[in-house]
Amino acid sequence: MKPLNELKIAVCSDHAGYELKCHIIDYLRTKQAGEVMDCGTHSADSVDYPDFAHPLAHAVSTGRCDLGIACCGSGNGVSMTVNRHTDVRAALCWKPELAALARQHNNANVLSLPARFITVDEALAMIDVFFATDYEGGRHQRRIEKIERF
């Protein structure tokens, strides 16, 4: 994994995840992330999560961004949406251990967070682990390659 100051990170949310998204963007800028792309939403007004999850997924799938963080109330909607894109592997996490395993074993490139079920501190801890954990490869690569085939 690249150092944080070299990473391009896309972040999005719906209305339920808007406040958490704002904390995440501030945190990433404080930590001096290389580039942070805010894919929206830009207020707590009710919106449809796919309108913001698709641009994030496109940025990751095309290589415009290295990683993404997507937030909605449960984390499920944004996760389902971004996983529709080729070469995007989103993992819904609610504990740092899950974020680590998502990177180590699944080479996840999008962290999906359930804004209504975690604290800001828990989210930031997962982000730190997600960015600091490398993909192990090996036996896991065979499994990753099977995701697109069915």
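Accessible area here comes from the Shrake-Rupley method with a 1.4 Å probe. By that method, this protein exposes about 7,600 Å². Carbon and sulfur atoms supply 49% of that area. Keep in mind that this is a predicted model.

Now the layout. There are 6 helices and 5 strands. From the N terminus, the order is β-α-β-α-β-α-β-α-β-α-α. The radius of gyration is 14 Å, close to the 15 Å from the globule rule for 150 residues, so the protein is as compact as a globular protein of that length. Its C-alpha atoms fill a box of roughly 45 × 35 × 30 Å along the principal axes. Of the 150 residues, 46% count as buried.

On to charges. The protein carries 16 positive and 19 negative charges, and their mean positions are 8 Å apart. How many salt bridges does the structure hold? It holds 3.

Start with lysine 2 and aspartate 66, whose side chains meet at 3.1 Å, N to O. This pair links distant parts of the chain, 64 residues apart. Lysine 2 sits in the segment before β1, and aspartate 66 in the loop between α2 and β3.

Next, aspartate 38 and lysine 21, with closest N and O atoms 2.7 Å apart. Aspartate 38 is in strand β2 and lysine 21 in helix α1, so the bridge ties together parts 17 residues apart in sequence. Buried or exposed, which is lysine 21? Buried, at 1% relative accessible area. Aspartate 38 is partly exposed, at 31%.

Then glutamate 35 and arginine 64, at 2.8 Å. Glutamate 35 is partly exposed at 28% relative accessibility, and arginine 64 is partly exposed at 37%.

Note on methods:
Residues are numbered from 1 along each chain as its sequence is written. This is a predicted model: local features need pLDDT of at least 70, side-chain atom pairs count only at pLDDT 80 or more; totals for chains, interfaces and linings use all residues. Side-chain values use heavy atoms; hydrogens and water are left out. Helices (H or I, at least four residues) and strands (E, at least two) are DSSP runs, numbered from the N terminus. The radius of gyration is taken over C-alpha atoms; the globule rule is 2.2 Å times the number of residues to the power 0.38. Buried means under 20% relative accessible area, exposed over 50%, partly exposed in between (1.4 Å probe, protein chains only). Lys and Arg count as positive and Asp and Glu as negative; His and the chain ends are not counted. The place of a charge is taken as NZ of Lys, CZ of Arg, CG of Asp or CD of Glu. A salt bridge is a side-chain nitrogen of Lys or Arg within 4 Å of a carboxyl oxygen of Asp or Glu.
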